[in-house]
Amino acid sequence: MFHAAIIDPLKSKKKINLIRAEKFIKNYDAGASIFFVGNIRKNNNNKNVSGVAYDAFDRLVIKTFKKIYSEGIKKFKLKKAKVFIEHAKGYVPLGKPSIIIAVSCKHRSEAYKLSRYLIEQIKIRAPIWKKEYYKNQKSEWLKGTSIRIK
Amino acid sequence: MKIKIKLFGNCKDIFRASVLQINFAKSTKVKNIRNKLIEIIEKKYSSNKAYKDLIKKSAFCSERDEIVNDTYVLNKDKMISIIPPIGGG
């Protein structure tokens with residue numbers, strides 16, 4: 001089972017939270033649950049960060065999340081895994097979560113592997129962009145990874 | 001032929017829009033759209049190298065939500081999205 005969403009304050013009042021994630025991945029066949037939460041940290045490249053604004057190509061993000069999930073299930077030969085992924089869009093202040101990935105699997109080793117696989121692939125494949133805002137009132141788009149095909 | 005280009009991330013700031021519309025005389029390839037965007041940057045920002053490099057590194061996504069290369073042809077009024085280097089999480 002799989003759930004993915006972009007949480008956009010312009011479209012809904014919903015916020016990223018672990019309660020929804022925990023409910024979704026609850027699974028009596030699973031002996032292991034892993035919750036990965038990505039938060040806005042206060043320092044990046046020696047700059048004092050006050051928040052990050054995310055832009056996303058929603059439709060393609062969801063398609064990419066699904067593809068990465070399917071690949072992970074196949075790669076680690078999982079049968080009863082449940083996966084919940086939500087990513088924030090818009091401004092996220094310091095200390096708040098930008099992404100939650102929750103995974104439940106039969107055993108811990110596969111839960112760790114799947115969770116790690118999902119976040120690492122999302123970082124390099126999902127069309128999401130970050131603009132960092134700093135305490136000195138400046139801001140900049142982060143460089144990112146090119147997905148251009150030649 | 002009118003092509004709409006949906007912009008994301010830094011491209012929204014560079015072109016100060018969410019969607020650009022560019023006219024081409026006939027069917028065109030992604031390569032020509034990329035070159036046209038570089039041309040706009042050259043005029044608007046006196047050849048800002050960082051912006052031009054961003055366009056060179058960007059991918060393009062078709063209306064079918066598939067990443068396409070520079071040889072992809074748009075042959076009637078269509079929308080295409082430019083995907084600058086990504087970095088979520």
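In chain A, the axes of helix H2 (residues 58-75) and helix H3 (residues 108-125) approach within 10 Å and cross at roughly 145°. The axes are lines fitted to C-alpha atoms over the stretch in contact, with angles from 0 to 180 degrees between N-to-C directions; helices are DSSP runs of H or I, at least four residues, and strands runs of E, at least two, numbered from the N terminus. This is a predicted model, in which local features need pLDDT of at least 70, side-chain atom pairs count only at pLDDT 80 or more, and totals for chains, interfaces and linings use all residues. Residues are numbered from 1 along each chain as its sequence is written, and chains are lettered from A in the order in which they are written.

**Exercise 1.** State which residues make the contact of H2(A) with H3(A).

Solution. Two residues are in contact if their C-beta atoms, placed from the backbone, lie within 7 Å. From H2(A) come Thr64(A), Ile68(A), Tyr69(A), Gly72(A) and Lys75(A). H3(A) supplies Leu114(A), Tyr117(A), Leu118(A), Gln121(A), Ile122(A) and Arg125(A).

**Exercise 2.** Describe the side of chain A that touches chain B.

Solution. First, 28 residues of chain A are in contact with 18 residues of chain B. Next, strand E4 (47-56), H2, strand E7 (97-105), H3 and strand E8 (128-134) of chain A each give at least two residues to that side.

**Exercise 3.** List the contacts of Val103(A), leaving aside neighbours within four places in sequence.

Solution. The partners are Ile25(A), Ser33(A), Ile34(A), Ala81(A), Val83(A), Ala111(A), Leu114(A) and Ser115(A).
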